[in-house]
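Subject: Structure handover

Hi,

Here is the structure for you to look over. My notes come after it.

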Amino acid sequence: MVLGRNFEDMCAQMYYRGKMFGFVHLYNGQEAVSTGFIKLLNQPDCVVSTYRDHVHALSKGVPARSVMAELFGKATGCCRGQGGSMHMFSEPHNLLGGFAFIGEGIPVATGAAFAAKYRHEVLKQSGPDGLDVTLAFFGDGTCNNGQFFECLNMAQLWKLPIVFVVENNLWAIGMSHLRATSDPEIWKKGPAFGMPGVHVDGMDVLKVREVAKEAIDRARRGEGPTLVECETYRFRGHSLADPDELRRPDEKSHYAARDPITSLKKYIIEQNLASEAELKSIEKKIDDVVEEAVEFADASPLPPRSQLLENVFADPKGFGIGPDGKYRCEDPKFTQGTAQV
Amino acid sequence: MLGAARRQLGSGPMLGQVLRRLRPASADAARGYAAAGKEITVREALNTALDEEMSADPSVFLMGEEVGEYQGAYKITKGLLDKYGPDRVLDTPITEAGFTGIGVGAAYQGLRPVIEFMTFNFSMQAIDHIINSAAKSNYMSAGQINVPIVFRGPNGAAAGVGAQHSQCYAAWYAHVPGLKVLAPYSAEDARGLLKAAIRDPDPVVFLENELLYGESFPVSDEVLDSSFSLPIGKAKIERKGKDVTITAFSKMVGYALQAADILSKEGISAEVINLRSIRPLDRAAINASVRKTNRLVTLEEGFPQHGVGAEICMSVVEESFEYLDAPVERIAGADVPMPYAANLERLAVPQVEDIVRAARRACYRAVPLAATA
């Protein structure tokens with residue numbers, strides 16, 4: 001959580017210094033949800049997120065320097081600078097994006113869960129723990145979108161191993177959740193489709209973790225999806241370009257008092273799980289990591305010109321990939337004839 | 001050698017004779033072949049292609065409305081549910097955006113979905129996933145995540161189905177980098193291109209045509225072999241000619257061939273190119289043909305503005321301008337939503353007479369040669 005917070009604060013600094021550009025959406029205040037859920041996952045489990053995805057990437061294990069370099073648009077970023085803030089992909093960490101359109105990630109996540117079930121049932125490739133689980137993160141605004149409901153239906157219909165995690169921070173840019181939604185209690189929409197709907201205090205990482213554990217285990221056992229609504233709050237605006245004028249100061253201070261990091265620190269010290277000094281040393285370590293990430297990103301080169309036209313297709317020449325795994329058109333016996341026998 | 005023979009002979013019955021291997025009569029009788037080469041419908045071609053690819057690779061699965069128990073809205077997926085089971089042939093609820101996104105997510109994880117749209121008009125409900133999560137992903141992830149998915153279904157006008165069921169989406173999807181767009185005409189095209197599309201590691205939009213499903217075409221044994229596939233990005237010269245080039249795709253290829261027959265009686269020898277692949281467009285073949293004939297007529301069923309013909313014309317202007325002896329003629333559907341009345345519908349879609357007239361205009365001939373002789 002501390003990594004997430006410090007990283008996002010550094011992003012804001014870098015943005016105002018001109019090192020970062022475009023749309024940057026920061027996650028300050030919501031760290032408990034990301035940490036509470038993603039730290040329970042294994043490597044083959046998938047995470048699908050929205051444009052507010054920096055901390056999801058960090059929680060899933062993408063190195064801070066890769067994420068920072070991606071934000072700077074450098075060639076050493078996790079997507080070589082081609083994705084940017086809103087499109088973080090990492091195949092080795094099974095981070096499947098990073099989507100700018102809200103609601104776009106939900107069907108993709110449902111598809112990844114479908115693939116996990118397919119691998120288990122049709123291809124007979126099972127992991128030792130059970131099904132690979134997919135987490136779909138999205139916000140309160142998305143819960144009014146058609147794709148959300150389509151996927152709740154299909155995930156429950158086919159009992160897919162997915163957990164739908166709603167990060168309800170009450171605001172969709174400047175649209176209050178209460179102004180936009182006929183029934184603002186999102187967790188209730190789960191049972192309407194036949195799946196459990198749970199509400200949890202998203203500012204308390206331990207409570208989130210408890211609920212997450214149950215939902216993820218359910219999915220792993222093949223019992224199907226869960227809808228988890230996390231009540232949380234973003235301390236900054238929707239993006240760094242958002243003046244954030246519509247939110248009332250008393251609401252902001254109410255949630256600032258429930259800052260997940262300070263709450264957890266208080267809990268740790270009260271329960272004597274670690275001393276102040278140890279917590280301080282963790283924070284110092286994180287500061288170093290983030291500093292190093294910025295230095296790395298600064299020092300990294302911009303993508304070369306040749307990168308512009310690369311990676312549009314996996315198979316650019318379009319003749320297909322032969323049974324030996326190589327492009328057919330590179331085979332010296334390739335005749336460009338109209339059939340391959 | 002076989003490739004050269006095919007290019008010279010086009011797709012007429014002669015092809016079957018040249019490529020037919022001698023087979024014992026009992027084998028023929030057992031498989032029910034006509035002795036002079038087999039004919040199959042486009043529907044059978046698509047069905048057998050899906051069947052063979054699903055049998056060869058267990059990660060291929062079908063998803064769409066009515067593909068399973070109904071045997072396919074147009075019976076293309078007939079028999080596949082019985083053969084492969086409900087885990088691999090999935091009937092979906094009416095949720096284009098949802099199930100297309102599910103297909104894309106499954107493709108991210110290495111499966112090979114074939115998503116059927118009942119018609120491509122319905123793909124507009126899912127176009128965000130086709131373009132934003134499928135086409136752009138390999139690029140956005142810098143090659144980490146490729147999307148081996150096929151979106152298939154009927155495209156273009158059918159008969160009397162009205163404005164919302166008749167649009168051609170070739171130009172829409174061909175506009176997007178990251179997609180491959182194919183438009184088969186004959187049964188050979190349908191089989192070869194669908195197999196290539198399923199094996200391809202990138203998202204492919206496969207535009208079929210409802211009115212072609214029932215049409216039969218002769219096919220050689222090579223086409224019927226289960227390892228047959230056609231290269232993506234290569235056009236086919238359906239008919240060789242020397243006076244004017246006519247480019248077409250899908251159902252319009254048939255019309256172009258009919259027009260070419262009529263034109264040949266007037267002394268105009270038309271070369272008909274079956275594009276097969278709209279993206280990537282086989283610019284080399286089109287330009288080579290125009291450099292030979294010096295005149296071009298582009299033919300498509302869709303709306304004219306920003307259509308496939310416009311792109312072909314520009315490609316020829318860019319690469320072969322000095323070879324053009326006449327302005328490029330563009331034949332497209334009328335620039336109106338498709339009307340319902342049968343006579344108006346006929347006016348809204350190119351007909352053979354329109355193609356013949358345009359070819360004559362390109363050749364600067366308004367009267368048949370016979371009359372002037």
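Below are the conventions, then the findings on the interface, the salt bridges and the cysteines.

This is a predicted model: local features need pLDDT of at least 70, side-chain atom pairs count only at pLDDT 80 or more, and totals for chains, interfaces and linings use all residues. Residues are numbered from 1 along each chain as its sequence is written, chains are lettered from A and ligands numbered from 1 in the order in which they are written, and side-chain values use heavy atoms, with hydrogens and water left out.

Interface

Chain B brings 57 residues to the contact and chain A brings 55 residues (contact means heavy atoms within 4.5 Å). About 4,600 Å² is buried between the two chains, with 63% of that from carbon and sulfur atoms. Buried area is the accessible area (1.4 Å probe) that two parts lose on being put together, summed over both. Gln109(B), Tyr139(B) and Met140(B) supply 16% of what chain B buries against chain A, more than any other three residues.

The rule finds 20 residue pairs in polar contact across the interface, both at pLDDT 80 or more. A polar contact is a pair of N or O atoms within 3.5 Å; within protein, one must be able to donate a hydrogen and the other to accept it, and residues adjacent in sequence count only if both atoms are side-chain atoms.

The interface has 1 salt bridge (a side-chain nitrogen of Lys or Arg within 4 Å of a carboxyl oxygen of Asp or Glu). Lys180(B) and Asp315(A) form a salt bridge at 3.9 Å, N to O.

Salt bridges overall

The whole structure has 43 salt bridges over all chains. One of them joins Asp354(B) and Arg357(B) at 2.9 Å, N to O. These two are 3 residues apart in helix α16 (residues 352-362) of chain B, so about one helical turn separates them. Helices are DSSP runs (H or I, at least four residues), numbered from the N terminus. A network of salt bridges links Glu52(B), Glu53(B), Arg191(B), Lys195(B) and Arg199(B).

Cysteines

There are 0 disulfides over all chains (a disulfide is a pair of cysteine sulfur atoms within 2.5 Å). Cys143(A) is buried at 0% relative accessibility, and Cys363(B) is buried at 8%. Buried means under 20% relative accessible area (1.4 Å probe, protein chains only), with exposed over 50% and partly exposed in between.

Best wishes
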